[in-house]
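Here is a short briefing to keep beside the structure as you look around. It begins with the chain as a whole and then moves through its parts.

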Amino acid sequence: MKLSQFKFTLPDELIAQYPVENRDECRMMVLNAKTGEISHHIFKELINYFEDGDVMVFNNTKVFPARLFGNKEKTGAGIEVFLLRELNKDQKFWDVLVEPARKIRIGNKLYFGEDESMVAEVIDNTTSRGRTLRFLYDGDHEEFKEALYALGDTPLPEYITRRSEPADAEAYQCIYAEEEGAVTAPAAGLHFSRELLKRLEIKGVEKGVLTLHCGRGNFKDIDVEDLTKHRMDSEEMIVDEKLVEMVNAAKDRNSQVCAVGTSVLRALATSVCMNGHLMTFSGWTNKFIFPPYDFTVCNALVSNFHLPLSTMLMMVAAFGGYDKVMKAYDVAVKEGYRFGAYGDAMLILR
């Protein structure tokens with residue numbers, strides 16, 4: 001497959017800038033990957049497609065307030081720092097992106113907060129935009145994290161062109177999020193309300209959980225036409241024994257296994273055995289999935305509508321079939337579905 005095969009015209013007004021008022025009342029397109037049949041629903045009708053004994057797998061990663069706005073020493077020039085991951089708790093080292101990167105040098109000090117009480121020193125240049133910062137803070141680790149996060153904004157994707165607002169701290173977080181470490185939300189999970197989860201539980205649909213800390217690499221531009229030459233950023237993930245047993249038992253009794261989001265799809269594809277069953281996994285994945293790809297664990301996928309040329313669109317096309325998914329996206333544009341993390345949902349059944 002070529003990069004250009006995932007290009008389509010998406011009007012700017014279809015990129016959702018705000019979430020719907022009620023999580024489970026966005027629109028939902030259902031695509032039958034076998035027949036190509038498309039139908040239109042409200043998200044909470046998802047429950048009608050699952051039965052007692054089916055398994056839904058969720059990603060319980062938790063987004064932290066990763067975007068900081070500060071100033072450079074001496075010049076006072078405004079800078080934006082995007083926290084990627086904590087490298088060393090004791091030294092308070094963080095892997096970050098800095099904009100504008102060209103003006104930031106090793107040894108520069110950066111100040112954050114209205115009183116500039118949070119100070120960081122640039123100690124390494126790792127890429128053209130990446131840096132390693134050492135935060136200069138005297139308190140213990142918990143106090144430091146609390147102070148740092150108090151200064152941070154919710155890290156909305158760049159295609160949401162407004163600055164984050166207080167309401168985004170809750171809206172851009174799955175209600176079942178537990179394990180801190182993501183800088184982008186697993187957006188398919190944003191549609192699940194407590195009421196819908198409870199109704200699924202009552203119906204007998206099992207809730208499986210894994211952790212994959214979604215990084216900024218999902219939104220990195222692909223700069224090669226030949227997709228086999230693209231390399232994904234690595235993301236930390238955990239698939240534990242409880243989930244393995246749940247999913248393998250469901251497969252053995254021919255129940256449905258549904259991945260809630262492309263991050264779950266990647267994690268399950270990373271931890272699959274030769275026989276199509278799951279095995280435990282704790283480590284990092286940089287798996288890049290695009291058509292054609294043989295999925296052996298899941299036969300259902302909940303996803304958002306993704307932007308052109310994105311790795312998430314490629315993964316969805318691999319799951320539902322390139323031709324059928326691209327046709328469904330054409331229908332979505334014509335029908336005015338909302339795209340992106342705050343947009344509408346898609347259920348693909350295989």
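In strand β17, Ala345 is the bridge partner of Asn304. That bridge belongs to the antiparallel pairing of β16 (residues 300-304) with β17 (residues 345-349), which runs over five bridges. Please keep in mind that this is a predicted model. With that pair as a starting point, here is a tour of the rest.

**The chain as a whole**

- The chain's secondary structure comes to seven helices and 17 strands.
- Its radius of gyration is 21 Å, close to the 20 Å that the globule rule gives for 350 residues, so the chain is as compact as a globular protein of that length.
- The C-alpha trace spans about 65 × 45 × 40 Å along its principal axes.
- Of the 350 residues in the chain, 55% are buried.
- If you take contacts between residues at least 6 apart in sequence, 71% of them join residues at least 24 apart.

**The open sheet**

- The β16-β17 pair sits within an open sheet of nine strands, ordered β2-β1-β17-β16-β14-β3-β12-β13-β15, with mixed pairing.
- At the edges stand β2 (38-42) and β15 (281-285); each has a single partner strand, so one side of each is left without a neighbour in the sheet.
- On average, neighbouring strands here are turned by 25° against each other, with direction ignored.

**Helices on the open sheet**

- Helix α6 (residues 311-320) lies across β16 and β17, and runs at about 150° to β16.
- Helix α7 (residues 322-334) also packs on this sheet, where it touches β1 (27-32), β2, β16 and β17.
- The direction of α7 makes about 150° with that of β1.

- Glu335 is placed in the loop between α7 and β17.
- Is Glu335 buried, exposed or partly exposed? Its relative accessibility is 43%, so Glu335 counts as partly exposed.
- Leaving aside residues up to four places away in sequence, Glu335 touches Arg27 and His40.
- For a sense of scale, the C-alpha atoms of Glu335 and Val63 are separated by 31 Å, and the two residues are 272 apart along the chain.

**The closed barrel**

- Six strands make a closed barrel that runs β5-β6-β7-β10-β9-β8, with antiparallel pairing.
- β5 pairs with β8 (residues 109-112) in the antiparallel sense, over three bridges.
- Within that pairing, Lys72 has Leu110 of β8 as its bridge partner.

**Helix α1 and its two faces**

- Which residues of helix α1 (residues 141-151) are buried? They are His141, Phe144, Lys145, Leu148 and Tyr149.
- Seen down the axis of α1, these buried residues fall within an arc of 120°, so they line one face of the helix.
- An α-helix has 3.6 residues a turn, so residues three or four places apart point the same way.
- Exposed residues Glu142, Glu146 and Ala150 are carried on the face of α1 turned away from its buried side.
- The buried residues of α1 pack against several strands, including β5 (67-72), β6 (78-88), β7 (93-99), β9 (118-125) and β10 (130-136). Another of the strands they pack against is β11 (179-182).
- At the N-terminal end, α1 is capped by Asp140, with a side-chain oxygen 3.3 Å from the backbone nitrogen of Glu142.

**Backbone features to check**

- Most residues other than glycine have a negative phi, and most peptide bonds are trans.
- The peptide bond from Glu99 to Pro100 is cis, with omega near -5°, and Pro100 lies in the loop between β7 and β8.
- Pro291 and Pro292 are also joined by a cis peptide bond, with omega about -10°; Pro292 is in the loop between β15 and β16.
- Asn254 is not a glycine, yet has a positive phi of about 65°. Asn254 is found in the loop between α4 (241-252) and β14 (257-260), and with 71% relative accessibility it counts as exposed.
- Leu309 likewise has a positive phi of about 65° without being a glycine. Leu309 sits in the loop between β16 and α6 and is partly exposed, with a relative accessible area of 33%.

Technical notes:
Residues are numbered from 1 along each chain as its sequence is written. This is a predicted model: local features need pLDDT of at least 70, side-chain atom pairs count only at pLDDT 80 or more; totals for chains, interfaces and linings use all residues. Side-chain values use heavy atoms; hydrogens and water are left out. Two strands pair if DSSP finds at least two bridges between them. Helices (H or I, at least four residues) and strands (E, at least two) are DSSP runs, numbered from the N terminus. Axes are lines fitted to C-alpha atoms, for helices over the stretch in contact, and angles run from 0 to 180 degrees between N-to-C directions. Contact means heavy atoms within 4.5 Å. Buried means under 20% relative accessible area, exposed over 50%, partly exposed in between (1.4 Å probe, protein chains only). The arc is that of the directions from the helix axis to the C-beta atoms. A polar contact is a pair of N or O atoms within 3.5 Å; within protein, one must be able to donate a hydrogen and the other to accept it, and residues adjacent in sequence count only if both atoms are side-chain atoms. The radius of gyration is taken over C-alpha atoms; the globule rule is 2.2 Å times the number of residues to the power 0.38.
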